[in-house]
Amino acid sequence: MMRFEKWEEEAFNYLTNLYDNFFKELSERCKECFRIDSKELFSKDVKELTPDEEQKIYDFWKKYTDDFDIAYHKYYIDRTGKFDEKFIPDDLFVGYIDGYLNNRAIEPGIADKNYFDLYLKGFKLPETYVHLINGVFEDKNYNIITKEEAINILLKHKNITVKPSMASFGGKDVKFFDNPSEEEIINYLDNLESDNLIFQETIKQSKETAKLHPSSLNTIRIMTLILDNEVKILPSAFRMGVGKSKVDNASFGGIYCKINEDGTLSNFAYDALGKKFDIHPDGGKFSDIKFDFMDKIKELVKKAAQRFPHFRLIGWDIAINENNEPVIIEANLTMSGMDVIETICGPLFGKYTEKVLNEVFLEQHKKKISMDISQYV
């Protein structure tokens, strides 16, 4: 044990409590926000449950927590058309489950897209042209380059996708260049609003994933869970853009539908607020589509998930390129879009539900230490 002077001990205790309480407060406030959402956004046009159904849900969940609200069960049961007490309420997911399974303290650094070429070396990713890390330009091999060199590299490529590499979700602030001029590239780099960006190839997608909406890169959201020292595959969804959108994210009006075990799509889809679509808004039946590459995707994410054991529950966004090869577009290491899965597929953890809930709510937990505060005092 390090010896502290009195004033150092006071500072250490204060900073430790401040740090620990931040993540407790984050979970608590998130839970409150999601519980409000369940009343304000997800309680409209929802069928009431019978008294017997409500009792069955409460009897199941009282084994794990008294901090329980039934609103999300009503929503998911209504949208899927299936009664199941094992649906995971969003408020409990953000308040307890996600923070237990995934190390939120280290997520901001690990989730930096600029380092996925290192973490996922050997896996198929979009080709990186230029990294911008903390305001420093680097080439795809992490060699520091000048802005002028970055411009010259980018001008060699016709189709470029630029994404914030940190603190971004839902497709926000993604920029696309189609055969850009030197003036366009210079103007963009001279007016950057972020010091952390990644410049990559724009994936040309498979004919199969492009059928319903060719102008957006449509992806498969598939979730992995590390449980009992194995990577388990959870349900998957197909995410599609709508209208003129170039991204498939629900936050930009995208929709999603279930991928069945045989690779066919279900005959309906939903948007982020639970509006149902029996056909794609731009035309086309979901159930006319069948994917023959799902086994490849499952094998891919089972291997990739083993690179991130700090994050036991990951939502993967996988594109299929024009050669019908799966490409990892995104690894959502926390807050992994559980609602997308439960709205169309049923309970997130399926047959693993009770094992997960027993571990989260009933077993003793070791304290997760991600930072040694003593080095600062």
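Biologist: Which residue stands opposite T161 in β4?

Modeller: Strands of a sheet pair through backbone hydrogen bonds, either parallel or antiparallel. Here T161 faces F176 of β4. Strand β3 (residues 159–164) and β4 are antiparallel and share four bridges. Strands (E, at least two residues) and helices (H or I, at least four) are DSSP runs numbered from the N terminus, and two strands pair if DSSP finds at least two bridges between them. This is a predicted model, in which local features need pLDDT of at least 70 and side-chain atom pairs count only at pLDDT 80 or more, while totals for chains, interfaces and linings use all residues. Residues are numbered from 1 along each chain as its sequence is written, and side-chain values use heavy atoms, leaving out hydrogens and water.

Biologist: What is the strand order of the open sheet of five strands?

Modeller: The order is β2-β1-β5-β3-β4, with antiparallel pairing. Strands β2 (136–139) and β4 (175–178) are the edges, each pairing on one side only. On average, neighbouring strands of this sheet are turned by 15° against each other, direction ignored.

Biologist: Which strands does helix α7 lie across?

Modeller: Helix α7 (residues 147–154) lies across β1 (128–133), β2, β3 and β5 (197–201), at about 150° to β1. Contact means heavy atoms within 4.5 Å. Axes are lines fitted to C-alpha atoms, for helices over the stretch in contact, and angles run from 0 to 180 degrees between N-to-C directions. Helix α8 (residues 182–190) lies across β2, β3, β4 and β5, and runs at about 160° to β4.

Biologist: How many residues of β6 are buried?

Modeller: In a regular strand the side chains alternate between the two faces of the sheet. In β6 (residues 219–227), nine of nine residues are buried, where buried means under 20% relative accessible area, exposed over 50% and partly exposed in between (1.4 Å probe, protein chains only). One side carries T219, R221, M223, L225 and L227, and the other I220, I222, T224 and I226.

Biologist: Which strands do bridges join to β6?

Modeller: Strand β7 (residues 230–240) is joined to β6 by eight bridges, antiparallel, with V231 as the bridge partner of I226. Their hairpin has two residues between the strands, and D228 takes a positive phi near 55° there. Strand β11 (residues 313–320) also runs antiparallel to β6, through six bridges, and G315 of β11 stands opposite M223.

Biologist: Is Y14 buried or exposed?

Modeller: Y14, in helix α1 (residues 6–40), counts as exposed because its relative accessibility is 55%.
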